[in-house]
Structures are given as structure tokens and as C-alpha cells.
Amino acid sequence: MAAAADDVTSAPPSNRIDVFWHEGMLKHDAGTGVFDTADDPGFLDVLEKHPENADRIKNMVSILKRGPIAPYISWHLGRAAQLEELFCFHTREYINQLIKADKEGGKQMICAGTFLNPGSWEAALLAAGTTLSAMKHILDGNGKVAYALVRPPGHHAQTTQADGYCFLNNAGIAVQTALDSGFGSVAVIDIDVHYGNGTAEGFYWTNEVLTISLHMDHGSWGPSHPQSGCVDEVGDEEGHGYTMNIPLPNGTGDKGYLHAMTELVAPAVSQFEPDLLVFVIGQDSSAFDTNGRLCLTMDGYREIGRIVHGLANAHCGGRLLIVQEGGYHVTYSAYCLHATLEGVLDLPEPLLSDPIAYYPEDEAFAMNVVNSIKKYQTNATFPFLKQG
Ligand SMILES: [Zn+2]
């Protein structure tokens, strides 16, 4: 590709986000059909692109290049992961299955809604490698806040199988790499609207990683994804109490999310005191996403970004890796990303106003749910919450 990389902005490192990106990730094309099925029933004149399409990411790139946040962004060229780098998270058998499928020419539905077409495997390797580049940038002390702008997404991908548009667990591979590099503990905060089941599973048996996922109670979408993400899935063995699931009711909205962040997420991260924070973002928790029902607006994303960076500053020496997941509204997702990063930068005033925030939230119900989860957490379930 033309190297638009390493444009270093004038912003100082303390007020800069290093964005890692490679346009080869646009080559993944999951096709068209009835929503995410790739099926053409024959009686529709107009089919639509698979929700996880290149357009959504093109707009995320362009808003960071041409939006008012541009002076705060430094661009870095991503790279493909080497196969050896994947095995810290995924099994060799699973990776070999994907390689075989790609060699056979792709065009395979790997699982519900998840299509490996020509170009997909190359894009998946770029997504994992670009996330690793962003992580290593932080581990090597070259920057504090790095954002891996990647697709296909990763947080549903499990150690042994693809799931929910995801082939490789980009964040999971990066987290394990940080641990292998000598970082003792990592906290993951996943605000994609779906349960980060692959990441949670990957670290379910360790106390080195606190995985927190805020998500809607969305149910199963097939054999690769049985219903999971309940509050009582808390980790096992050494990892008991190091998985924190926060299933939120439909219509939660900005106020409900902020209540969950301040009452559940912030205290947990503060007690855990990680060396590094990984912020897994998906704009499918917005009010207008086809795949989500949790009704965040730009204001909510901005405040969540502010809180997460505050936690990184307070506990992790400011080290914060941000990893892109879902977010399917082709225009609003880009705006919500912009707002999230404004919050991470802790800018005093919004740089972009919200063009469409008017959906209702069910604030009272969300508050009650969060308070109930808090009550559940303050029994003996989460050992590190007892230290304070
Ligand atoms: Zn999602």
C-alpha cells in the first residue's frame, strides 16, 4: 500500500493517540444478502452488504484523518501477524483449518454470519498483526495510548473456533503477548454491544487478566455461540473472580452505562491494579446500530473514553491499548469513535456535535440492573474487590 504511515503529528505524546492501520484489511468482503446471512432468497430486489463491511472502517479512517480530532492523531502502518504469533492464543489445529480453507479458495461460511472469502485470511492476519504492532508500541515505551483500527473483528473468536464475524482474537493475542513480555497483569474493558466471549474464554482460568464485558443479553446465534455472558460466569480455578460480566437491559443508554462504569468497572479496575489496560470498543452499542439495542450516544462514548483513560492514568502509568471490534452503522459508528477518542484525550469540550441523538433510554431499569449486579459482586465472588 501507499505508506500513509508514520505521519507524526505535532501533538505531544501525553495528548496524542497512535493509530495503527493497514488498508489491506479492506480486502475482507463478507458479501451481500439478507442482513448478515449472505443468502439471496430470490424475492428481494435489493440486498444489502454484510454489516461487517469495509465502508464502516473507511469512514472510521476518514473521520480520524479529516475530522476535528485529526491534529491529535499519529498514524502508523500495521503489518500482518506471523503464524507463530497466533499460537499464544489459538490452537495450531484451528489456525491450520483457516489456512486450509483459504488455500481452497475461500468462499466458505465458517459459522453463522462469518464468511471466509478470498482476501479474508490476509485481512485477518493484518488485523492481528496490526493489533500486535499497537501493543508492542506501548510495551516498548514508544507511546502511551495506541489504537488498533482493525477488521475483521476478534472478540468472539475462541481458541479453537471462529465466531460472530471474527476469525482471530486480535485483543486476546495482544494481551497474551503482553503477559509473555513480562507484564504481570492486564485488565480488559469490552464495550462492544455483544459479549466478548472469546476473550473471556481465553483468560477464564488465569488471575493475570481481569476481563470485563458490558453487553446486551443477546442470546445464542448458533452452535459457535451458545448463550453466555451472565453475571455468574466469573472465571474458574485461579481465574475465579477475574471474569466480570455486566449484561445490560435493552435501552440502557448513556446514564445507565455511566452508572455501570462508575459503580462496577472503575472499582474493579482500581482494586485489580493492572499494569496495562486494554479498551475493546464496538460502536454497535450505539442507539442506531443494526446489531445492538443499548442506545449509547456520542456523549456516552465520550464519557466512557474519559473514565477508561482516567483508570489507565491512575493505575497503569497511562498505558492504554484500544482495539476496534464491531460497530455497523456506516456513518454514526465513525462519529461515536470520534467521540470515544475525544474522551480518551480528556478534551474539555466536545469537538463534534451529535447529529442524531434522540432515542429514548430506559435509565431507571438500567440503574436497577447495575445495582443488582453490584450487590452480587460484593459477596465473595470477586476476591480482589474485598481488598479495599
Ligand atoms: Zn459486537
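Student: What is pLDDT?
Tutor: The term pLDDT denotes the predictor's confidence in each residue, on a scale from 0 to 100. This is a predicted model, in which local features need pLDDT of at least 70, side-chain atom pairs count only at pLDDT 80 or more, and totals for chains, interfaces and linings use all residues. Residues are numbered from 1 along each chain as its sequence is written.

Student: What is the mean pLDDT of the chain?
Tutor: The mean is 94, and 96% of the residues reach 70 or more.

Student: And where does pLDDT stay under 50?
Tutor: It does so over residues 1–8, for which the model has 14 contacts beyond four places in sequence; two residues are in contact if their C-beta atoms, placed from the backbone, lie within 7 Å. Where pLDDT is low, the predicted coordinates should not be read in detail.

Student: Turning to the backbone, which residues does a cis peptide bond join?
Tutor: Arginine 151 and proline 152 are joined by the cis bond, with omega about -5°. Proline 152 sits in the loop between strand 7 (145–148) and helix 5 (170–180). Helices (H or I, at least four residues) and strands (E, at least two) are DSSP runs, numbered from the N terminus.

Student: What is phi of tyrosine 165?
Tutor: Its phi is near 70°, a positive value in a residue other than glycine. Tyrosine 165 also belongs to the loop between strand 7 and helix 5.

Student: Is tyrosine 165 buried or exposed?
Tutor: Tyrosine 165 counts as buried because it has 29 C-beta neighbours inside 10 Å. A residue is buried if 20 or more other C-beta atoms lie within 10 Å of its own, exposed if 12 or fewer, and partly exposed in between, with C-beta atoms placed from the backbone.
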